[in-house]
Amino acid sequence: MVEHLHYKFRIIFIVCILCMHSFCMSAVGKIPSLLIQNFSNQEYKASCQNWKITVGREGFLFIANNSGLLVFDGNSWTNYETPDQSVVKSVVLHQDTIFTGHGNDFGYWVADENGSYLYHSLLKSFPSVKIRNEMFDKLYSVGNTLWAKSENHCFRYENGEVSVFHLPERTADSDLLQDGSSLYLSVIDRGLYEVKENGLFYLPAFDCLADKKIIFIHSVGKEKYLVGTENDGIFLVTDNACFPWDTPVNEELKHSRVSSLEIVGDVYLIGTYYNGLYITSPQGIVYEHYTVANRLQDMNVHDICKQDDKSVWLAFDNGISLLTFSSPITLLAERIKVGKLLDGAWVNGSIVIRTNQGVFKQTVRPDGRSEMLPYEGELPFTQETKMRDVLAALPPEIADTLLPFRNIWLENEQIVWGIQNDNKIYRLQLSNLSNGQEAVKNYTLPVSLQKEVISDLALIDGVVVLFTGSACWRYDKGEDEFVRYDELEELLGEYVTGKIVFPVGEDLYWIVSGNEMALFYIKEGTGQLKCRILLDNYNLNIVNRDKQIIPLSDSLHLVSAMQGVLLVNTRELIESHFNIKAPFNVRRIQYTDRKGTIHSISAASGKIKLPYDFQDLKVNVGTSIFTASHQISYKMSGTSSWSEWQKNGEISFFQLPVGKYELEVRKYVVKGIFPSISLQIEVGPPWYDTIWAYIVYLLLLWGVVQGGLRYYLKYQRKQEQAMLEAERVTEQQRLQQLKNEILETELQNKNNELTLQTTALVKRNQVMQSLLEELENQKQTLGERYPNKLYNRMKSLIEENISNQADWILFESYFNSAHQNFMDRLRIQYPDLTTGDFRICCLLRMNLSTKEIASLLNISVRSVELRRYRLRKRLALSGEANLVEFLTSF
């Protein structure tokens with residue numbers, strides 16, 4: 001958790017107060033205000049132990065950490081491990097390149113196109129030197145040369161080459177020290193040497209320190225140095241003298257074990273291993289002593305790195321801290337010490353505040369430090385005391401009506417406005433209290449306003465204004481009602497959602513929205529935004545209720561925060577905005593695919609192309625450490641609102657749908673338009689939704705259509721052929737049927753002819769047999785009278801007609817035509833049949849009776865039956881078989 005500590009400290013407090021009063025009682029002096037921000041290892045996600053710090057030119061902070069090289073871009077922390085995962089003990093910027101010393105090696109780091117740092121060893125190019133169990137804890141950049149020292153070796157890196165710098169013998173207990181562009185070698189029991197390209201040069205002025213372990217050397221004037229020792233405090237060395245630093249603090253430093261010294265303006269910062277950080281004057285007067293008891297997170301200061309004249313970084317055994325001097329926002333007093341701010345004012349050149357725990361005044365202690373001490377006097381006449389006096393003079397029944405008001409404003413000496421918790425608006429006319437007229441009037445809200453909660457009522461530019469969180473309403477005196485205040489809404493912009501308004505000077509108004517404060521100049525319906533403060537930048541939180549901002553002057557304002565009482569200097573805030581031009585860009589872009597593999601994308605093109613099945617996208621934006629405003633906000637195309645402000649520079653998205661997007665990121669600034677950058681994001685379609693896939697689909701569709709068309713044409717041809725074949729078959733069947741019908745007709749005709757022929761034969765034979773019988777009867781009757789010659793002649797003719805073979809030949813012809821060659825088939829299957837058998841078969845097939853057969857064959861009925869019997873045998877028919885049925889079906 002990042003903590004904040006703001007203190008005013010001065011050499012002579014009265015001088016500082018007078019200087020503050022000289023520009024509307026603002027502070028001027030040698031001792032600037034101070035803001036401390038602490039960063040724990042829970043925030044930077046690495047080891048708690050930090051050794052050295054250096055600042056890169058692009059606004060990056062580099063820290064030698066037990067876990068590796070720790071990099072901070074103002075928003076996000078990233079730790080890079082060394083190849084052997086050893087502790088990084090030293091880090092330095094040399095010719096715009098970061099070098100580190102760790103384990104048995106030292107080398108440099110280069111950022112790739114994705115913004116990630118990669119390590120390159122330098123000792124691998126110098127294999128003849130064997131480094132074992134040593135730590136490169138000293139790296140210095142002096143001109144064009146990088147110096148690296150381990151316990152027993154010293155190297156020079158210049159023009160891309162590493163060389164050994166030979167130390168004197170017996171210098172195992174030695175150390176390299178740097179002061180600006182000068183490099184020194186301290187050897188216990190031998191003294192101090194200045195290191196130059198052509199060798200070591202002994203410095204006799206430092207002989208008094210020959211038996212001491214020197215920690216640092218810092219020039220404080222011409223031929224004048226402050227030298228810190230391990231156990232003997234700080235010494236002052238000139239060209240002809242060497243003696244302990246004659247200051248009260250030096251006695252404390254002897255027991256605190258100094259670790260580092262940095263000078264910021266006229267202020268000395270002295271780090272110690274045992275007792276935190278001392279801030280002193282050049283004469284050694286302690287302005288502040290920071291320890292874990294007053295907001296430092298550790299007592300062991302390993303390194304002090306000066307970023308610029310206003311910012312200093314501290315490396316602790318447990319954590320990292322940033323000290324900001326001349327901060328436009330300072331913490332006058334912690335809430336745990338003075339309570340919650342209620343009111344404040346200038347009293348005799350000092351700040352006096354009233355809290356829920358009493359009245360306190362900023363006081364200078366004898367040792368030069370300032371703090372808030374209890375005060376017995378009264379506060380001057382303020383708007384709040386004036387309001388209390390007005391309410392105290394009201395009749396009890398009127399005062400009881402106004403008591404539950406959560407906002408009360410004096411429009412003028414005679415009119416008081418107020419809001420109750422039920423959204424009722426009241427207007428109190430004080431002059432009517434004495435003349436018997438109605439003194440309190442209640443106003444009905446507009447219909448469009450009745451469902452909203454009135455966040456505040458304020459007097460702005462002489463106009464009574466209501467804020468509802470989404471709109472502004474002004475009191476129209478002519479109509480005696482509230483109407484929409486479009487001009488003010490246009491002026492306030494996004495701050496129209498502000499919940500509380502504080503007049504803080506002539507035509508100046510603070511509007512508080514959440515944890516943000518915006519200062520507007522408003523006059524005669526026009527105005528401008530002067531500045532804005534997002535307290536999240538300082539990890540501070542404004543109180544939610546009661547009075548939050550109290551003006552001391554046009555540029556100095558007290559703010560009631562959860563952490564205590566803040567002093568805001570808007571003039572310095574605006575000046576800091578114009579003086580700082582910090583880079584703001586995309587540092588790193590990474591996405592994770594569906595297999596969990598992390599891919600990096602170069603941010604140089606400003607375009608991001610993602611596969612459709614990516615899992616998450618992370619865009620890291622950095623505002624650099626050169627600015628106090630690190631908050632960012634972003635908006636994706638398709639959304640109408642910006643995200644909440646965030647300090648973390650990582651922006652994440654999960655599984656965006658296929659399409660094109662524009663990511664716009666803006667950075668918070670205290671004045672003017674928010675600077676922004678944009679990235680084009682394209683989520684590609686799956687392979688089956690690409691242009692090539694659609695080409696394949698078209699080809700496949702063309703092939704399917706062609707195949708379908710061919711199949712259809714083939715099918716149509718088959719159908720046509722089938723139809724033709726069906727028609728042919730039908731025609732054949734019709735012809736066959738016609739033929740069959742003709743055949744049947746012919747057969748029927750033949751059968752008819754056969755029947756007629758057979759009937760005619762039967763009748764003829766019957767007639768002939770009757771004639772023959774009559775001839776026989778006449779012969780018997782006439783006897784001899786009937787001549788035998790005539791008789792025989794007649795009988796012979798009759799018998800010839802009965803057994804005429806020509807008739808049988810004709811009969812067989814008709815029979816074979818009518819019965820499909822029956823006799824031929826029968827003759828083939830039963831070759832033993834006689835002519836008489838064939839005739840009997842034919843006559844039986846015609847279903848003639850025995851008598852008719854006998855007549856046709858001119859035999860007796862008995863003979864026909866005998867022939868039938870013999871025929872059954874020849875046909876091998878069983879006794880149960882019907883001879884006629886057999887012949888009919890044959």
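**Reading the features**

Mentor: Let us begin with glutamate 725, which is partly exposed because its relative accessible area is 35%; buried means under 20%, exposed over 50%, and partly exposed in between, with a 1.4 Å probe and protein chains only. This is a predicted model, in which local features need pLDDT of at least 70, side-chain atom pairs count only at pLDDT 80 or more, and totals for chains, interfaces and linings use all residues. Residues are numbered from 1 along each chain as its sequence is written, and side-chain values use heavy atoms, with hydrogens and water left out.

Trainee: With which residue does glutamate 725 form a salt bridge?

Mentor: Side chains of opposite charge can pair when their charged atoms come close. A salt bridge here is a side-chain nitrogen of Lys or Arg within 4 Å of a carboxyl oxygen of Asp or Glu, and by this rule the count comes to 18. The partner of glutamate 725 is arginine 728, with the closest N and O atoms 2.0 Å apart, and arginine 728 is itself partly exposed at 38%. Both residues lie in helix α10, 3 residues apart, which is about one turn of the helix; helices (H or I, at least four residues) and strands (E, at least two) are DSSP runs, numbered from the N terminus.

Trainee: Which distant parts of the chain does the pair of lysine 138 and aspartate 175 link?

Mentor: The side chains of lysine 138 and aspartate 175 meet in a salt bridge at 3.7 Å, N to O. This pair links strand β11, which holds lysine 138, to strand β15 (residues 174–179), which holds aspartate 175, the two residues being 37 apart in the chain. Lysine 138 counts as buried because its relative accessibility is 14%, and aspartate 175 is buried too.

Trainee: Is arginine 594 buried or exposed?

Mentor: Arginine 594 is exposed, since its relative accessible area is 56%, whereas aspartate 613 is buried at 18%. These two residues form a salt bridge, the closest N and O atoms being 2.7 Å apart.

Trainee: Which residues touch the most other members of the largest nonpolar core?

Mentor: In soluble globular proteins, nonpolar side chains tend to be buried together. A nonpolar core is a set of buried Ala, Val, Leu, Ile, Met, Phe, Trp, Tyr and Cys residues joined through side-chain atoms within 4.5 Å. The largest one has 37 residues, of which Trp417, Ile460, Phe482, Leu488 and Leu492 touch the most other members. Among the elements that give two or more residues to this core are β36 (415–419), β39 (456–460) and α8 (486–492). Isoleucine 460 touches residues that include Val465, Phe467 and Leu488. Another core, of 30 residues, lies apart from it and includes Trp808 and Ile853.

Trainee: How many residues of strand β37 are buried?

Mentor: In β37 (residues 425–429), 5 of 5 residues are buried, with Ile425, Arg427 and Gln429 on one side and Tyr426 and Leu428 on the other. Two strands pair if DSSP finds at least two bridges between them; β37 pairs with β36 in the antiparallel sense over 5 bridges, and 4 bridges join β37 to β38 (residues 440–443), which also run antiparallel.

How values were computed
Contact means heavy atoms within 4.5 Å. Lists of a residue's contacts leave out its neighbours within four places in sequence.
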